[in-house]
Amino acid sequence: MSTPESVRVEPDELAQETTAEELAPLYRQMLAIRRMEEAAAKAYSQGGKIGGFLHLIIGQEAVCVGATAAIQNNDYVVATYREHGHAYAKGVAARAILAELYGKKTGAVKGLGGSMHLFDKKTNFLGGYGIVGGHVPIAAGAAFASKYRGDGRVTLCFFGEGASTIGGFAEGVALAALWKLPLVLICENNQYSMGTPLYRSLAVEDVSLRALAHGMARDRFDGDDVIKVKRRIGEAVERARTTSEPTLVEVVTYRFRGHSMSDPGLYRTKEEVEEWRRRDPLSRCRQRLVDLGMKDAPLDELEADVKAEIEDAVKFAEDSPPADEYLPYVIKE
Amino acid sequence: MAQIIGLPKLSPTMEEGVLVRWTKKEGDKVSPGDLVAEVETDKANMDFNIEDEGVLLKFLVKEGDTVKLGAPVAIIGKAGEDIAALLEQAKSAGGAPAAAPAKPAAPAARGAEDSANAPAAQKPPREATRPEQDQAGKAAVKPAPAARPGSPPVGTVQPAPTKGASAKPGQPAQTARPSASRLLASPLAKTLAIELGIDLRQVTGTGPGGRIVERDVRAAAEGGQHNGHGAAAAETSETGEAGEAAETGEAEPAAAPAAASQALAVRPARPAAEDTEADWTDTAASNMRKRIAQRMTEAKRDVPHIYLMRELDAAPLLAYRERLNQLVGDKVKISVNDLIVKAVALALRRMPECNASWQGDAIRQFHRVHIGVAVAIPEGLVTPVVRDADAKGIGSIAAEIKDLADRARKRALKVHEIQGSTFSVSNLGMFGIERFTAIINPPEAGILAVGAARDVAVVDKGNVVAGKRITVSMSCDHRVIDGALGARWLTVLAELIEKPESLAL
Amino acid sequence: MPVISYREALNQAMREEMERDPDVFIMGEEVGHYNGAYKVTQGLLQRFSERRVVDAPIAEMGFAGIGVGAAMVGTRPIIEFMTFNFSLVAIDQIINNAAKIYQMSGGQYHVPIVFRGPGGPAVQVASQHSQALESFYAHVPGLKVVMPSTALDAKGLLKTAIRDDNPVVFIEGETLYNTTWEVPEGELLIPLGQADVKRTGKDITLIAWSKMVWTCLDAAKQLADDGIDCEVVDIRSLRPLDVDTLAASVRKTGRCVITEIGWPVAGFGAEVAYQIQRQCMDSLDAPIERVTSDDVPMPYAKNLEDEVQPQVKDVVGAVRRALYLD
């Protein structure tokens, strides 16, 4: 059984220094992502208003929020099909995300992509991709273009540990290393590739070790502290920006929900999930804010604000007109 | 009306067959698709399915008889119908049991061929079932050799029966309709046949399985050998003067109001500046419109027309019509046009010189009288055919024209219903047209344009009295019908119309 | 007008476009220092430096995907597959990413990229290196698929493809590189999606693309001796397909043979046949014939290889069938 302690990468004492000013906005983002996904889960399971696949990131919010906090607006983010949080953290509005999940015209991609394919050019969110590992070369390509043009941008590429066995990952990493691309490869190791635990899918469970073969920088740490994620990813981002060198970063985390909405979760015990829930990055973060002197009133206000934002987004999605066109987006004239 | 059924073509290479067994009896009622007999062909024993509806009135061959392709094997019609004439015709057509040397090939040789061809015989033409090994389009499939394009294939046109003294060319309806089975023709051949006015039933296909292909139609057109009797195309020959039965109200004057409203459309007065695109509208011509354009142009260009007009006393005809309509009650409404069609048919029967066609090096006189009746439809013009109109009663002509016109407007006519006319009638009387001339519908040699019956003052025994007059204009192909001949024919017609009781004789 | 080779025409096209637009770069195996496995990129490295002529390791999925990502953010990559046989390991990038990103992003990101390289049967390199894969790509909405038959088309179509805002699969004829044609110097753009009548005739329409255009022209020449006048129409672009030009030709001739060098089952010619019967039903005098390769992986031995591939005699045979001559 996987417990937080058994897979701990490094002791908690190494918690990073921070301030309430830095942490509060990150907490707000994580909370908004969770509320947004809870609203999505409800619309999926109770109203039938969302169809298809719905992969929730609940439990892993600190990774996308912390990592995105380490980059600039014009840097690129490329993500998987479990990317609502990454899109939100990059700046895509909850309204656009939920409307997309609802299949509405006002959705992030006009109802054409759904949960797995959020894109947003304004915020340089280069998309959510549904073929495991197939997006790693895409991210390397964005980084290649940055180097080709010398625009100083950095690309973050998120993927799960399950992607580390597929060819797209292997080739993307190999080329990023060979051509020294300004890329940060972020493995969100949530310990299950769908229903298969690490020990049954990887001969070596430390994904970051793959960097060694390519002479690439690597890092590996726990993903339940959003500030730690921000700092450590920040180091890799800095490396990419200043020396145009890629880094393979593995962040150990845990998803509280199933792989998708149809996942009964029989491959793990309730006790295990409960154990991880006790280390919920959101409650940790809230406690940290209290420790840093944030009072109940502003915290309550923040949480009420998030609640209102998500309620508004749900209403927006509900009220929006249905998606209505698809032909103009096949071939660009 | 009873008709003769010929032996159908049941294999691509069949020339004769042995009627192995009748599966129906004389007197049985049959519907299209019913199995009536088994026929042994050069390939196999095949089913002979009838394509007509009616009662099998008479078998003309016995079981075991060898019969030439297309030769009469049975007469079908309504129960109790008089078939004496047909029996005579069948005999002279040389159908009947071929007292000929029974089976031509020695059984042994035939057996060998059969076994080689057996599978093919069960299948549609071979090209349609190219073997899988042929996936690259490479396997050699060798249907029967045929002529090259450019060199008109020999025997393209099915020869008219020559057996029997009284067998005449131009009487092919029974004999040259070889099979009641499906006509195999490529789409292009069908399109072309309409354009060139070729009756595909008169053309022998040289493609696989006897499929009629382009070269066959062209050869038929060039050779002029196609049976002109059947040659009318789908669209007829009026110059756009659409018309159907006068005064019947049966014909929707579909074309006319549209034309009228266009004519009436008021153009804003403009200074005499140049017209711009805003001043006209181009509407793409439909296929029907294009075909009409092509055929009319050809007819007007190639056929030397002369026009003969005559004013007739319409009063007796109108009175006769009145009486007839009282007799038939509500079942059918007989129109002036129905009577004129009948009169024209009888006039042609009496003067067959005008029931004819120019064939390049011959004048073909038709022995049957099939009248094309121009019907205006929204898309243009169709001329369905009343076959053997001379032999039909006025009531049945009226019913037939009504049915044909109704289906013409629904575009539901079958090809055979718009082909084969030998003379046409066009009537614009219901539009108040007094007189007009029509363009001939080749290969016919004449068309009668009928105007409205109108009230006129006439001098009768020195007194001016109210009378009814109708003007008919005959367009003649001068190559076939000289003025004097046409005039004589009009005289015959005039007698029939002015003494309409004779129409029933 | 200068007569140049197909290879040289492609080289000119890339050279001119790279000179015109600094965002155009070429990436692939052996494209730089080696001057291209088929020498199509000869001299480009010297002219443009390693930054724009990028030698990639053997990782088609990786560098095809890099091309897609780079195209999304504003560059215009030319990705060379040493042969299109190797595109199969990159097909996820082409079909799932390049072809779909414009749609998946709701029109926000487009992918101006050219995947190019030789395709179609080669000579005695056996089954894995000798096959026609265009039908795979022509199946996919979001892609354009171009296959030039002559040096002239190669240059004009490649330049247009490079400027196109969509992913273009540009398959060169592996056995056509040394063929020559008159090609004007300098700017030459041929629109994608326009078929080209390579030979006019009245008796029958032969439809082909790439190498088979040459086979059809040879067949037409041979048939002319028998008095058969063939029209040869080069599709040039499988997607978008210029059905109008094909249909106009078939309406004129009434007969049609569609040739392709690939396999018969679900080959692109089947789609062409469908489109033609749909549009030309009343003009057809004979069933549409197809000439394809045999339905087998390509054998190595020369005699077998020739037997498997569609040859002039096969086209001639199909023409004669369509004309009811055999």
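Mentor: A residue counts as buried if 20 or more other C-beta atoms lie within 10 Å of its own, exposed if 12 or fewer, and partly exposed in between, with C-beta atoms placed from the backbone. Let's apply that to helix α8 of chain C, where 10 of the 14 residues are buried. This is a predicted model, in which local features need pLDDT of at least 70, side-chain atom pairs count only at pLDDT 80 or more, and totals for chains, interfaces and linings use all residues. Residues are numbered from 1 along each chain as its sequence is written, while chains are lettered from A and ligands numbered from 1 in the order in which they are written.

Trainee: Thanks! Which residues of α8(C) are the buried ones?

Mentor: They are C:K211, C:M212, C:V213, C:W214, C:T215, C:C216, C:L217, C:A219, C:A220 and C:L223. With 10 of 14 residues buried, α8(C) is called mostly covered.

Trainee: And what covers the buried residues of α8(C)?

Mentor: The cover includes the strands β7 (168-173), β9 (196-199), β10 (204-208), β11 (230-234) and β13 (256-259), together with helix α12 (312-322), of chain C. Contact here means that two C-beta atoms, placed from the backbone, lie within 7 Å.

Trainee: How do you know that the length of α8(C) agrees with what it should span?

Mentor: The expected span is 1.5 Å times one less than the number of residues. For the 14 residues of α8(C), 211-224, that comes to 20 Å, and the end C-alpha atoms are 20 Å apart, so the two agree.

Trainee: Where do chains A and C touch, on the side of chain A?

Mentor: The contact takes 33 residues from chain A and 35 from chain C. On chain A, β2 (125-128), α5 (136-149) and α6 (167-178) each supply at least two residues, and α5(A) gives the most, with 9. By class, that side has 21 nonpolar, 8 polar and 4 charged residues. Ala, Val, Leu, Ile, Met, Phe, Trp, Tyr, Cys and Pro count as nonpolar, Asp, Glu, Lys and Arg as charged, and the others, Gly among them, as polar.

Trainee: Why are β3 and β12 of chain C said to stand at the edges of their sheet?

Mentor: Strands pair if DSSP finds at least two bridges between them. The open sheet of 7 strands runs β3-β2-β4-β5-β7-β6-β12, with mixed pairing. β3 (53-55) and β12 (237-239) each have a single partner strand, so one side of each is left without a neighbour in the sheet. For β12(C), 2 bridges join it to β6 (144-146) in the antiparallel sense, which meets the cut-off of at least two. In one of them, C:V146 has C:S237 as its partner.

Trainee: In chain B, what is the strand order of the open sheet of 4 strands?

Mentor: The order is β1-β8-β6-β3, with antiparallel pairing. Its edge strands are β1 (3-6) and β3 (29-30), each pairing on one side only. β6 (54-59) and β8 (72-77) pair over 4 bridges, with B:K58 opposite B:I75 and B:L56 opposite B:I76. On the other pairing, β3(B) joins β6(B) through 2 bridges, and B:K29 has B:V55 as its partner.

Trainee: Why is β6(B) called largely enclosed?

Mentor: 5 of its 6 residues are buried, so the rest of the structure largely encloses β6(B). Helix α1 (84-92) of chain B lies across β1, β6 and β8, at about 35° to β1(B).

Trainee: What makes the crossing of α9(B) and α10(B) right-handed or left-handed?

Mentor: Left-handed means the near helix is turned anticlockwise from the far one by less than a right angle, right-handed means clockwise. α9(B) passes α10(B) in a right-handed crossing. Helices α9 (336-350) and α10 (394-409) of chain B pack at about 115°, with axes 9 Å apart. Those axes are lines fitted to C-alpha atoms, for helices over the stretch in contact, and angles run from 0 to 180 degrees between N-to-C directions. B:D338, B:L339, B:V341 and B:K342 of α9(B) meet B:I394, B:I397, B:A398 and B:I401 of α10(B). By class, this contact has 6 nonpolar, no polar and 2 charged residues.
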